[in-house]
Amino acid sequence: EGDVNWSDLAWPPAGESDEMRSRVGAITLAGELDDWAVQGEAELDRPGLPPGTLAFAATGDRDHAEVLITDGAVLGGSLAGNALWRWRDDATLSAALSAKGIDTTAFYPDMPAVVDAELDVQGQLTPLDMNVRVQKLVAATAGRVIEAAGTAQLSDGAVVFEDMVLQSAGSRVTLNGNTATPLGLRFTAGIADLGDFLAGGRGSIQGRGALGLGPDNPTLSLDLLGRDFAWNDIRINEWSLADSLAASTDSIARLEWNAIDLELAGQNLDSATLILDLGRERQSLSLLSLLGDYRLEAGVAGRWHDSTASLQDLEWSGRLDPLLVSSRDNVLVGLREPAGLAFSRRAAALQQSCLGGIESSSLCISADWQDSGRLSIGAELTALPLVWLSSLAGLEWEMDLLASGRADVFLQGGDVSGEAVLALSPGRVTLAEAEEALFETGEGFL
């Protein structure tokens, strides 16, 4: 037997202005291990909501517990529910929860919502085999109402959905299938306004797809079409994502993303194409982007060291090749030779990659990151014409100065350190189309 009492508890503990408080509360325990009972009650307050009370009663023995919410007038709404948990053998659980008008801001301050829900849970915990039936789930947030209903089954190694539907205004997503089977988890999407699901987003999406996570034969297929997409600094007039190759035993998926009329952080592009090849032995990603007569090409290819390793232990290595900018079949800037690239959950590294272009100019970069928070970047510059920087800055200057040097930067936590050496060749600077020099320079060092 025993009692626990408290007063003026707050959540979150930091004491923010929006915190939820429990002015008073108590839990009482009575009985023996073979026949025990627990009762609890707490008064809850949150600014902007009427005061509430949450109370429960529980009984049980060495093998099980039964819990009943006896008073759930909290967070501006009401809660009701019960649960039965048997922890012997397969550890079975059955529960029902009903919520009406519950304000969830205290738990998710970045996504305030008012929620109505009717849920049933049945199954076992060891091994996991749980069935969740969503009879009703309605969330009103940021001027939108999102609804969900259907059934989900969670088990070790698989997720199964049956007629799971998410909808908001004119948008609807359905989920059916089993991630562990060859057909996989299938979905259809008809999203009239992406903003119904993504804060700050805009655009429409239509399509379907499937995801299979079977250990011997994982698969992914997609067929999506989007229009008038916008989010943060990204705008795309039209895009598509689809399988560019029929599924085979040699490939998990080969997806091709095409977009026309893009704007990325203020930079306009005519079109862009990304091809992701998820082969079982080898993986690659290639990019082609066009702007007028200019063409950007980039690609990486490599393989997992052990594709059967856990996500935490996966390691990938390959190379960056190509990376070039051209105009009318003339290479302006390009990677002089393939550069090694590797990453894992704990580290990532780019071996020295050198870009060359006009005459003997080059820029070489290497980088190394560790999950300890350490990042090191090295850069080496050879005979770079400063007229490029003048053009980028919008200056109407002509110059024949060349810059060479090296810089090494190290970041650890919030600390930054490094060293740099820069040399400038002798030269002259003139205004565009002028014959006389504004000034001439000798050799310089920094």
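These legends describe close-up views of a predicted model.

Local features need pLDDT of at least 70, side-chain atom pairs count only at pLDDT 80 or more, and totals for chains, interfaces and linings use all residues. Residues are numbered from 1 along each chain as its sequence is written, and side-chain values use heavy atoms, with hydrogens and water left out.

**View 1. The disulfide between Cys354 and Cys364.** The structure holds one disulfide (a pair of cysteine sulfur atoms within 2.5 Å). Here the S to S distance is 2.1 Å. Cys354 sits in strand 24 (residues 347-356) and Cys364 in strand 25 (residues 362-370), so the bond ties together parts that are 10 residues apart in sequence. Strands are DSSP runs (E, at least two residues), numbered from the N terminus. The torsion about the S-S bond is about 115 degrees, so this disulfide is right-handed.

**View 2. The hairpin of strand 17 and strand 18.** Strand 17 covers residues 251-264, and strand 18 covers residues 267-279. The two run antiparallel, joined by 12 bridges. Strands pair if DSSP finds at least two bridges between them. Glu263 has Asn268 in strand 18 as its bridge partner. Two residues lie between the strands. In the turn, Ala265 has a positive phi of about 50 degrees.

**View 3. The hairpin of strand 18 and strand 19.** Strand 18 also pairs with strand 19 (residues 283-291). Eight bridges link them in the antiparallel sense. Ile275 stands opposite Ser286 in strand 19. Three residues join the two strands.

Methods: Helices (H or I, at least four residues) and strands (E, at least two) are DSSP runs, numbered from the N terminus.
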